[in-house]
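Please look through the sequence and the model below before reading on. The notes that follow are grouped by topic, so that each point can be checked against the picture.

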Amino acid sequence: FQAEDGIRDSSTSRGLGDVYKRQNMKLFFGESDYTRKHGKILTYQYRFDKCVLDLFFNENSNKLIFYDMRKRDYDGSLSIKKCLLEVNLRKIRLYKS
């Protein structure tokens with residue numbers, strides 16, 4: 001569903017692919033910009049110029065349970081296409097290095 005400040009969804013579709021297995025995250029995104037553990041939930045945050053992507057995992061599972069995609073600033077609305085472009089450009093840069 002569309003939230004006021006971004007996209008929150010338990011589905012792993014929306015053009016993000018199936019990269020959201022915890023063991024594959026570094027391969028696709030590199031090191032996370034921020035990591036947090038709250039109870040049994042692990043959060044990995046990736047910050048881009050236009051948006052922020054949070055990935056949530058249960059500590060006992062490698063499968064993504066939830067994600068949140070939102071603007072870095074709170075002016076205007078989130079462009080999902082621009083955010084996905086930034087996400088994919090980061091993956092391309094990692095492959096080239």
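Is Ile92 buried, partly exposed or exposed? In this predicted model, Ile92 has a relative accessible area of 42%, and because this value lies between the limits of 20% for buried and 50% for exposed, Ile92 counts as partly exposed.

**Overall fold**

- The chain contains 2 helices and 6 strands, and when these elements are read along the sequence they follow the pattern β-β-α-β-β-β-β-α.
- Of the 97 residues in the chain, 38% are buried.

**Surface**

- The chain exposes about 6200 Å², and carbon and sulfur atoms supply 50% of this area.
- Leu85, Leu89 and Ile92 together make a nonpolar surface patch of about 260 Å², and one of these residues, Ile92, has its place in helix α2, which covers residues 80-96.

**The disulfide**

- A disulfide is, in general, a covalent bond between the sulfur atoms of two cysteines.
- The structure holds 1 disulfide, which joins Cys51 to Cys83 with a distance of 1.9 Å from S to S.
- This pair links distant parts of the chain, since Cys51 belongs to strand β5 and Cys83 to helix α2, and the two cysteines are 32 residues apart.
- The torsion about the S-S bond of Cys51 and Cys83 is about 80°, and therefore the disulfide is described as right-handed.
- Cys51 is buried, with a relative accessible area of 0%, and Cys83 also counts as buried, at 1% relative accessibility.

**Aromatic pairs**

- A pair of aromatic rings is described by the distance of the centres and the angle of the planes.
- The count for this structure comes to 2 aromatic pairs, and one of them is formed by Tyr44 and Phe57, whose ring centres are 5.9 Å apart and whose planes stand at 75° to each other.
- The pair of Tyr44 and Phe57 is edge-to-face, because an angle over 60 degrees between the planes is counted in that way.
- Tyr44 lies in strand β4 (residues 41-47) and Phe57 in strand β5 (residues 51-58), so that this pair, 13 residues apart, links distant parts of the chain.
- Tyr44 is buried, because its relative accessible area of 16% falls under the limit of 20%, and Phe57 is buried with a relative accessible area of 0%.

Methods: Residues numbered from 1 in each chain as written. Predicted model: local features only at pLDDT ≥ 70, side-chain atom pairs only at ≥ 80, totals over all residues. Heavy atoms only, no water. Phe/Tyr/Trp six-rings, centres within 6.5 Å; stacked < 30°, edge-to-face > 60°. Helix = DSSP H or I, 4+ residues; strand = E, 2+ residues; numbered from the N terminus. Buried < 20%, exposed > 50% of the residue type's maximum accessible area, 1.4 Å probe, protein only. Patch = residues over 30% accessible without salt bridge, like charges linked within 9 Å, V, L, I, M, F, W, Y side chains within 5 Å. Areas by Shrake-Rupley, 256 points an atom, 1.4 Å probe, with all protein chains shown as cover. Salt bridge = Lys/Arg side-chain N within 4 Å of Asp/Glu carboxyl O. Disulfide = S-S within 2.5 Å.
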